[in-house]
Amino acid sequence: MKQIIVLCGAAGTGKTTVQTYLQTYFNFARVVTHTTRLPRQGEVNGQDYYFETPASMAKLHLLEKVVYDHHQYGSSKEGLARALADHPGAVIVLDTKGATTYQQVLGDQVVVVFLTVSPTTDLGHRLAQRGDDPEKIQSRLTSAEFQRDLTLPTTLQGKAIVIKNDEWAQTKTRLDQLMATILVPKGDN
Ligand SMILES: Nc1nc2c(ncn2[C@@H]2O[C@H](COP(=O)(O)OP(=O)(O)O)[C@@H](O)[C@H]2O)c(=O)[nH]1
Ligand SMILES: Nc1ncnc2c1ncn2[C@@H]1O[C@H](COP(=O)(O)OP(=O)(O)O)[C@@H](O)[C@H]1O
């Protein structure tokens, strides 16, 4: 069974960075999800997200859908199937609500990774370094969903792997260890 790695955690904790690492070094397929938010500078339709209007979003057949910081986000079964078809596994970035749905619906096929940082790490600074618009950073950091996703929800406790992404070198080591366990076929370990 091909595994689906679900990355969740608050904005700036490194979900997209980890996703790119798993794509580049383990050939896992990025599952592109849908959103009604506007593209950030450098984001490409179909690569980072499928950028939708509320009307086009309503027509999609989605596995799950959430509202995060006033915008809709959702992922499709078709997108997941496409990603898995020609790759050893898939990696998808979701909020903790979506991660819980995936864990409940897909069970053992899903490995949930919750990314966090030490309280001393300034996530606003990371978003600014990423080039986010200052007004959007303010909205994001004060949103109920951002605040919620700073903490592992009870629905994922004991089920998610928690990685503290303060130092990238340590995160990379943890990811390499995790991938070594995921890529060993069951029965061989
Ligand atoms: N449930 C769910 N969450 C999603 C989906 N796509 C993206 N997200 C989450 O939506 C939140 C906002 O994403 P984004 O606007 O890209 O901001 P970022 O977290 O600062 O990179 C993040 O927690 C993502 O993980 C989706 O299809 N479903
Ligand atoms: N361990 C780390 N130390 C410092 N900066 C990091 C680290 N991991 C990621 N970043 C940077 O933080 C910013 C936010 O990371 P990103 O992966 O976009 O987060 P998310 O997708 O969770 O919002 C990016 O500029 C990224 O390069």
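This is a predicted model: local features need pLDDT of at least 70, side-chain atom pairs count only at pLDDT 80 or more; totals for chains, interfaces and linings use all residues.
Two strands count as paired if DSSP finds at least two bridges between them. Keep that in mind for the sheet.

Mean pLDDT for the chain is 95, and 97% of its residues reach 70 or more. The scores are ipTM 0.98 and pTM 0.96.

Now the sheet. Four strands form an open sheet, with mixed pairing. The order is S4-S3-S6-S5. At the edges sit S4, residues 50–51, and S5; each pairs on one side only. S5 and S6 run antiparallel to each other, over 6 bridges. Take Val67: its bridge partner in S6 is Gln72. Helix H3, residues 77–85, packs on this sheet. H3 touches S5 and S6, and its direction makes about 50° with that of S6.

On to ligand 1. Which residues come nearest to it? Of the 16 around ligand 1, they are Ala11, Thr33, Tyr73, Ser75 and Gly98. H1, S5 (62–68), S6 (71–76) and H4 (96–106) each supply at least two residues of the shell. So both strands of that antiparallel pair contribute to the shell around ligand 1. By class, this shell has 6 nonpolar, 5 polar and 5 charged residues.

Then ligand 2. It has 15 residues around it, and Lys15, Thr16, Thr17, Arg126 and Arg130 come nearest. Helices H1 (15–26), H5 (123–130) and H8 (168–183) are the elements that give two or more residues to this shell. The class count for ligand 2 is 2 nonpolar, 9 polar and 4 charged.

One link to take away. H1 gives residues to the shell around ligand 2, and H1 also supplies the shell around ligand 1.

Technical notes: Residues are numbered from 1 along each chain as its sequence is written. Chains are lettered from A and ligands numbered from 1 in the order in which they are written. A residue is near a molecule or strand if its C-beta atom, placed from the backbone, lies within 6 Å of it. Ala, Val, Leu, Ile, Met, Phe, Trp, Tyr, Cys and Pro count as nonpolar, Asp, Glu, Lys and Arg as charged, and the others, Gly among them, as polar. pLDDT is the predictor's confidence in each residue, from 0 to 100. Two residues are in contact if their C-beta atoms, placed from the backbone, lie within 7 Å. Axes are lines fitted to C-alpha atoms, for helices over the stretch in contact, and angles run from 0 to 180 degrees between N-to-C directions.
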